[in-house]
Every structure is written in structure tokens, then in C-alpha cells.
Amino acid sequence: MKHRVYSRATSVFALLAALILVLAACGGGGSGGNGGGDGGSSPTSNPSSSSGSSGGTSGADGSTESSAQPVGTVKIGVLMPYTGTFAPLTDSLVKGFDLYLEETGGLLGGRKAEVQYLDDEANPQTALRQYRQLVQGSKVDILVGTISSSVQYALRDEVEKDKILLINPNASASDLSWEKKSDYVYRVSYSGWQQGASPAQYLAENVGKTAITLASDYPAGYEVIEAFKAAYEAAGGRVIEQLWPELNTNDFSPQLTQIANAKPDIVFSFLAGSDQFRFTQQYSEFGLKQSIPLTGNNNYADYMFTSTVGEPSAGIIAATQYIPWLDHEVNRKFVENYRNKYGTLPDMFSEQGYVAAMAIDEAIRKADSTKAEDLIPVMKGLVLNAPRGTIVIDPDTHNPVQDFYITENVLQNGSIVTKVIDKMERYAMPAQRPSSN
Amino acid sequence: MSSFFFLLLTGLAYGMVYFMIAAGLTIILGVMNVFNLAHGSFYIIAAYLAFTLVSNEVNFWLALVVAVLCTAALGILMEKFLIKRFYGKTLEQVLLTFGLIYIVSDTAKLIWGPTLKNLAVPAVLNFSIPLGNIAFPAYRLFIVLVGCAIAVLLWYFETRTRAGAIIRAGVDDREMVSALGINVGRVFTYVFAFGAGLAAASGVLGAPLTGIYTGLDTEVLVTSLIVLVIGGLGSWKGSLISALIVGVIQTVGSAWFPSVSMLIIFALMMLILIIRPHGLFGREVL
């Protein structure tokens, strides 16, 4: 009897250990935080809401890799992570995209838009499979995607080969504008460089001269902090310590203890997803909010974040390209239409989706064509009247030249409103990667 | 306040959170030898339920009770219709409950959407105790007390009550216990519900610390399994000690060796498995 229990216990533990390793591999965040806990990778097709009739007369439109299309339609493939940790961002982004389509009556560049939405699960393998379905199966003209930079790299190589235009509505890796720049990929959001460098000068001149940086331990984190440090130190500041908590950290008390002991003038932070949320709460709970100003990248000013976290995010200073309270005519209409359709204020991802659709609309209209070869020259230097303001797609970096606003979160009648306190006009990425010291 | 002492304190407090999370699994796996991988699912069901209730102006504590009762009821249903068929069949239990994880996770996403949900710390505990140039949140101290209460509850249940003895006997020799006229099946159902209820309670109480988001269920499950493997099956004492060890290692390691703190924990787990497969306090005699 005793013997039986021993051997059973051992095999049980062996099984347990194997399970833990499998689950940890599936559930743990990888680089870029892909695959948040849903281990399986079966391709899922989102219920596609293509606006417009399918199948028309096939026109003889030349035989390039982007296949023959009737002049009256344009096929768009939207490839985004509907599942996993980035799902909320996709949710907002696609809402913004769909709102634009609704405003134009389902037309882009005067052509009827047929849109197919697929889930890349923030996983490069899945993304490539879905990509082939969109490009070879559905024969889309233009692709929109994606959120995760690791997937973006995979897509970038494919669209180069297949000569398909890819509009990037979010993936922020800076080298997509430098070493990995492609004639076929254009970003309408912002780069990691812009996220890190934009607040630095204001902070060094107006808030504090010594900083501790705290960022998630993954490539996007390194990028943002590198850009911040260079700009902050160029403006007279000094980074005294860099903290790198793992992705999916639940407890920031070790870092908070270090910050409390080092007593910097400011903390500059860039954290992914739920980490940002928990850190901000704990920053307040552990009493640091009173003594050391917390500052961060555009996510810290974003409505999705402030509306979820609430009071602990009050007082945070950030630099961002979009908040729903911007006082532009285009933005006022956008916010009103968004609120009427979805019952909530738009966040920056909503605006990015909206501008992605706008970019396609403008480009097709200007080029009077849906073919990549005609659209590419038009994309370079494309001017858009976005809700965030007028932006120009930089021909050198394929990234927007746009205004960045220095903002502060303010508690007003029980909720957070983000207010503009300064502005950096026409803020552009450098055309080459700055040499690191 | 020396930073090491503060780290130790927060590490112990966080270890208590882990113990609270693992307690439900300790009962079901340790006492009943049932592989309930859907443990994390109970956790998030209760958390989401509490979130909905609190969003509709229900008092936090009332929401806690309701969520625990609902989840325990779900546990009863699950045990009666699913688990009961597979006592003693480990692989089937694993596959079944693993599949349930996906079902619950996707259903939750359908109902509550993909965005992170914030369950606020109840107002009465929403303050911090100043300790030098940093403060300690009262809610975390509360969790420590909850963890201690759970430990006492488990100790009492196991050693002092007749029910505890019945369960321990029933796991080892079901026929004999039935022959004594005890409805073993019903006892198991109640224990399973109790484990589900514990998981639910920890879900509601843990939600203000982490937020509720996709992937939380697997994180909770992995944490609980680690605690159980290191501490040993069938021993809530082992779970308590190992949870505290894991909490302290993770907190102190995160400050001193940030890139390898998870590595240390997994290395510890492997070490235990090699040297002492039953875990630190695993059951050697019955």
C-alpha cells in the first residue's frame, strides 16, 4: 500500500512538472507579449463584416501579383490580434477603422471597400498563415496590420516579396522606419523613438533633472528608454538608474522600494498592458505618488488607460499624439460620431484605426488606383487631416510627422480628463538611427 | 525602513496571496487526487461576477459572498456531471479540465469583452500605512490575515473534524468507507465545491491586486501548480510554506536578480522534484 503511494506520487509529480512547463510556455508572455495565455494556435477567422457584395465581374487589370479587380471595388485585408493580450487594442482600432468606413458610406478612394478581418493572435506563424489566406485566397489589394512588432517584421518581409501595400496602424518598432524600412509598409501611428524622446526635453526643463526609468523587459521597452535617455540627457537631465521588470509582473514592490530609496526627481515609465495598470495602482498605494512625479509615454495619457485606472493615474505627465479632448474640428466630429456609434470616448487606438482607413482613402483617391506601384509614390509625403491634427507621412521614415502634446492627467468630477500643457510641433523621427554611445 | 526588511515583508505578503490562490487547488488535488486544471477558471469566473456586481453598485463584501456561492454551485454541477465519471483516471481529468479552461476563457471574453477590468479595493481598506519613505497598502495586510484564516480553517478541517477524516479515508479506500455507510460520492461533491469556493474567494480578493484580464486564469493555474509541487501534495502546510518561499524569492529576486527571478523558482522546483519528489511536506504515510 505504501509502495503504491510512493510510485504514484512520483509519476504524479512528473506529470505536474510537465504540465507546468507547457503551461508556462503557453501562458507566459514572449517578446512583444504575444499569446496572452491562450496556448493553442488554431487559426480563427473573425466573423467578417465585409461591406459590399462579393464577387464581381473580373476585369482585365494587368497580371501583377495583386490580382485583377473590377475598377469599382477595393479589397482590404485587416490582420490584427483579436485574441491574446492585445485584444483590447484591436477592439478599439477596428472600431475606429469601421467608423471611417461608415462615414464614407463604405467607400475608400471612391471604390466600394470589401473588408476581411482575420486574427493573427500576435503570433508570427499564425499571421503568415492568415496572410496567405488574404493575399493568395482572397486576393486583397491592400493590407492593414498589425499591433505586435514581431508579427510586423514577418509581414514586412512577405509584402516585400508579394508587392502588397501594408498600412501599419500600430506596431511601433523604430527599425521599421530604419533598417527594416520597406517601400510597401507605411505607419500611421508613431514609433518607439517618438514615444521615448517626445516628453524628455519638457521633463528635463520643467519637472526634474534626475530620473529613474522603469520599462518592461522586452524590445519595445529597450527602444523607448534608449530614445528617452538620449533626449533627456541631451536636455540636461541624468538617468540615475534603469529598472526592467519582467513582462506580466504582478508585484512591483521591489522596484518601488528601489525608487523610494534612490529618491529621483522623476520616474519615467513604459510598461506593457496590464503591467502599466498594476504599476500605476501600486505607485499610488505604496505612497510614492505624493513624493515623486510619475511620467510616461503616450499610453499613460491614453483614454483606455485613464478610464480603467481612474484616480491613481491623476497627476501623471506624458507626451502623446492623441487624446479625445484635442480641440480640432476634425477631432470634435470624430469624437462625436464615435460616441454616438459606440457609446464611449475614442482612445488613441481608435484614432489610429480611423487614420489607417483615412490613409487608404486618400491614397487611392490621389493615385486613382488600387495597385501598390501607383500608391507607393503617393504614400510618401501623404498629408492627412487626422483627428490628432494634420500629419504627413515622412518619405524618409514612412512614419508620421505629427504634433506631440505634453499632457497631464487631471481628476475632474470623479473621472480623469487629460489636459494639454505644452506642444512639440511637427515632431519627426530622425531619418537614420542615431548612433548609440 | 531598511529596504531588505521591506522586501521581505512584501514578499511574505505576496506569498500569502499565492497561498490563498493555491488553497483551492490544494484541497481538490491534494485531498481528492483530482486534477482540476480549471482551477484558474473558477478564479476568474468569481472575479468577473464580482466585477459585474460591484459595477452595479453592489457592496464588495456582498459581491464576494454571492460570487463564491455561485462558483461553488458551478463546482457542484461540474463535479456531478463531469468529474464524477473520472475518479482515478488522471489523463482524462487533465484533458477534460484543460478543455474547460478554453471554454470558460472564451465565454468570459464573449460576456465581458477583452479589455482589462478593474475591481476596486473596498473603500474601508483603501489606505496605506506609512513606513519611512514608502507606505504599505492595508489591503495587502488584509490578504495576509485572510491567508492565515484559510490556513487555520484547513488545519481544523483536516485534523479536527470527522468530515476531514472521512475524506482522507475515502480517497484511499473508497469501498471500505462506503461499507461503513457513508455516502462517499456526496462527500466528494462537497469537497469539490469547497475547493471551487476557495478558488472563487481568492479570485474576488485577488482581483483588486492584479486586475481581471485575458490570461489571468492560466497565470493563476501555473502559480498554484508551482506552489503545490514545491510544497507537496496532500499537505496544506506544504502549500503554505512553499507559497511563502516562492513569494519571498520572487520579490527579493526581482529586486536583486531581476532577469533570473523566475529561473530561480523553476530551478527550485526541479531541485525539489529530483531530491524529494513528494515536495517539502508531501504525504509519505497515510
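**Entry 1. The sheet of chain A**

In what order do the six strands of the open sheet of chain A stand? I took up this point at the outset, working from a predicted model. I read the order as 2-3-1-4-5-6, and the pairing in this open sheet is mixed. I then looked for the edges: strand 2 (107–108) and strand 6 of chain A each have a single partner strand, so one side of each is left without a neighbour in the sheet. For reference I noted that strands of a sheet pair through backbone hydrogen bonds, either parallel or antiparallel.

I went through several of the pairings in turn. Strand 1 (residues 73–80) of chain A runs parallel to strand 4 of chain A, with three bridges between them. Here I found Ile76(A) opposite Ile142(A), the latter in strand 4. Strand 4 of chain A also pairs with strand 5 of chain A, in the parallel sense and over three bridges. In that pair, Leu143(A) has Leu166(A) of strand 5 as its bridge partner. I followed the chain from strand 4 of chain A through helix 4 to strand 5, and I recorded this β-α-β crossover as right-handed.

On its other pairing, strand 5 of chain A joins strand 6 (residues 185–187) of chain A, parallel again and over three bridges. Ile167(A) is bridged to Tyr186(A) of strand 6.

Are the two faces of strand 5 of chain A buried or exposed? I found Leu165(A) and Ile167(A) buried on one side, and Leu166(A) and Asn168(A) buried on the other, so that both faces of residues 165–168 are covered.

**Entry 2. Chain A as a whole**

I counted 13 helices and 15 strands in the secondary structure of chain A. The chain has 437 residues, of which 57% are buried. I also checked the contacts between residues at least 6 apart in sequence: 71% of those in chain A join residues at least 24 apart.

**Entry 3. Backbone exceptions**

Which residues does the cis peptide bond in chain A join? I located it between Gly145(A) and Thr146(A), with omega about -10°. Thr146(A) belongs to the loop between strand 4 (142–144) and helix 4 (149–162) of chain A.

Asp368(A), which is not a glycine, has a positive phi of about 50°. I placed Asp368(A) in the loop between helix 12 (348–367) and helix 13 (372–379) of chain A. Asp368(A) counts as exposed because it has 11 C-beta neighbours inside 10 Å.

Glu57(B) sits in the loop between helix 2 (39–55) and helix 3 (60–81) of chain B. With 6 C-beta neighbours inside 10 Å, Glu57(B) counts as exposed.

**Entry 4. The largest nonpolar core**

Which residues touch the most other members of the largest nonpolar core? I listed Ala46(B), Ala47(B), Ala50(B) and Val204(B), in a core of 212 residues. Helix 1 (residues 3–32) of chain B supplies the largest share of this core, 18 residues.

Setting aside residues up to four places away in sequence, Ala46(B) touches Ala67(B), Val68(B), Thr71(B), Ala200(B), Gly203(B) and Val204(B).

**Entry 5. Leu100(B)**

I looked up Leu100(B), which is in helix 4 (residues 90–112) of chain B. With 17 other C-beta atoms within 10 Å, Leu100(B) is partly exposed. Apart from neighbours within four places in sequence, Leu100(B) contacts Ala38(B) and Ser41(B). I also recorded its separation from His39(B): 61 residues in sequence and 9.8 Å in space, C-alpha to C-alpha.

**Entry 6. Helix 11 of chain B**

I compared the span of helix 11 (residues 261–275) of chain B with expectation. At 1.5 Å a residue, its 15 residues should span 21 Å, and the end C-alpha atoms are 21 Å apart, which agrees.

Which residues of helix 11 of chain B are buried? I found Ser261(B), Met269(B) and Ile272(B). Seen down the helix axis, the buried residues of helix 11 of chain B fall within an arc of 90°, so they line one face. They pack against helix 9 (216–231) and helix 10 (236–256) of chain B. On the face turned away from the buried side, I noted the exposed residues Leu263(B), Ala267(B), Leu271(B), Ile274(B) and Ile275(B).

Technical notes
Residues are numbered from 1 along each chain as its sequence is written. Chains are lettered from A and ligands numbered from 1 in the order in which they are written. This is a predicted model: local features need pLDDT of at least 70, side-chain atom pairs count only at pLDDT 80 or more; totals for chains, interfaces and linings use all residues. Helices (H or I, at least four residues) and strands (E, at least two) are DSSP runs, numbered from the N terminus. The expected span of a helix is 1.5 Å times one less than its number of residues. A residue is buried if 20 or more other C-beta atoms lie within 10 Å of its own, exposed if 12 or fewer, and partly exposed in between; C-beta atoms are placed from the backbone. The arc is that of the directions from the helix axis to the C-beta atoms. Two residues are in contact if their C-beta atoms, placed from the backbone, lie within 7 Å. A nonpolar core is a set of buried Ala, Val, Leu, Ile, Met, Phe, Trp, Tyr and Cys residues joined through C-beta atoms within 7 Å. Two strands pair if DSSP finds at least two bridges between them. A crossover is right-handed if, with the strands pointing away from the viewer, the path from the first strand over the helix to the second runs clockwise.
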